[in-house]
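Have the model open beside you, try each task, and then read the worked solution.

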Amino acid sequence: MLRVMVVDDEPLARRGMRQLLARHAAVEVVGEAGALAPAVDLIHAHKPDAVFLDVEMRGDSGFDLLAGLDDRPDIVFVTAHSQYAVKAYDFSATDYLLKPVDPERLASAIAKLERAKAMRAALRKHSAPTLRIKTHRKTLLLRIDSIVAMLAEGDYTRVYAANSPAILAGQSLGSFEAQLPGPTFLRLDRSLIINTERAMEIERTDRNTAYVRLDGCAEKFALGRSAAARVRKLLPPVAKSEE
């Protein structure tokens, strides 16, 4: 079943789209909204596979909705304005439908959405687990086992992947914590999560401060006494510290 939402500021347009979608037995409309704020809330609550999205909505733009989503569903723009088509595909839209919506074009868009959903399911089944990282310009998928450490920087997070430049993600460290498998990933304090399988050694600089070295990362991460003690228990005896 393809779970979709309809977002359009015109009630008649939403009703018409629901009626068209109702002809497709494999499609379920799980919600609708007439403005951006409730649309964001509903998307977070229902996690639809796709959203049929208007562009111009009483001073707002459907593009603003996409910019505010961390985990974006597939998007089919439905609008009376053809001039936004190029920008829509810049946002990786699955399709672009002009009002009034042609039933055959809608069927084609639904077929594309179903193929995209099936492809994601196949990738999840056969690929290593990944984590979605949203940066200022794009969204990346990182293999979880490649992540070495995560360091909080205010409301942002610096993500360190093995043998790669660090990535500044627009998500908080806390939002990542629930998605990382324990006990492999260990949160040591308010600002640091490490991949314990990559811990190599502890370097002590004074009585209260030490640094942990992690495989695949040139950066050293400062630890307090209690955090250092927790990491030291995970290391083989020869790597524990330089006393």
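**Exercise 1.** Find the residue that stands opposite Ile 147 in strand 11, and describe how the two strands pair.

*Solution.* Start at Ile 147: the residue opposite, in strand 11, is Ala 161. Strands here are DSSP runs of E with at least two residues, helices are runs of H or I with at least four, and both are numbered from the N terminus. Two strands count as paired if DSSP finds at least two bridges between them.

Before going on, a word on the source: this is a predicted model, in which local features need pLDDT of at least 70 and side-chain atom pairs count only at pLDDT 80 or more, while totals for chains, interfaces and linings use all residues. Residues are numbered from 1 along each chain as its sequence is written, and side-chain values use heavy atoms, with hydrogens and water left out.

**Exercise 2.** Trace strand 16 through its two hairpins, and name its bridge partners.

*Solution.* First, come in from strand 15: a hairpin of 5 residues leads from there to strand 16. Strand 15 (residues 199-204) and strand 16 run antiparallel, joined by 5 bridges, and Glu 203 sits opposite Tyr 211. Then leave towards strand 17 (residues 220-223), also antiparallel to strand 16, with 4 bridges. Here Val 212 has Phe 221 as its bridge partner. This second hairpin has 5 residues between the strands, and Gly 216 in the turn has a positive phi of about 90°.

**Exercise 3.** How far does the predictor's confidence reach, and where does pLDDT stay under 50?

*Solution.* Recall that pLDDT is the predictor's confidence in each residue, from 0 to 100. The protein averages 90, and 95% of the residues score at least 70. Now look at residues 238-243: pLDDT stays under 50 there, and the model has 13 contacts (heavy atoms within 4.5 Å) for them beyond four places in sequence.
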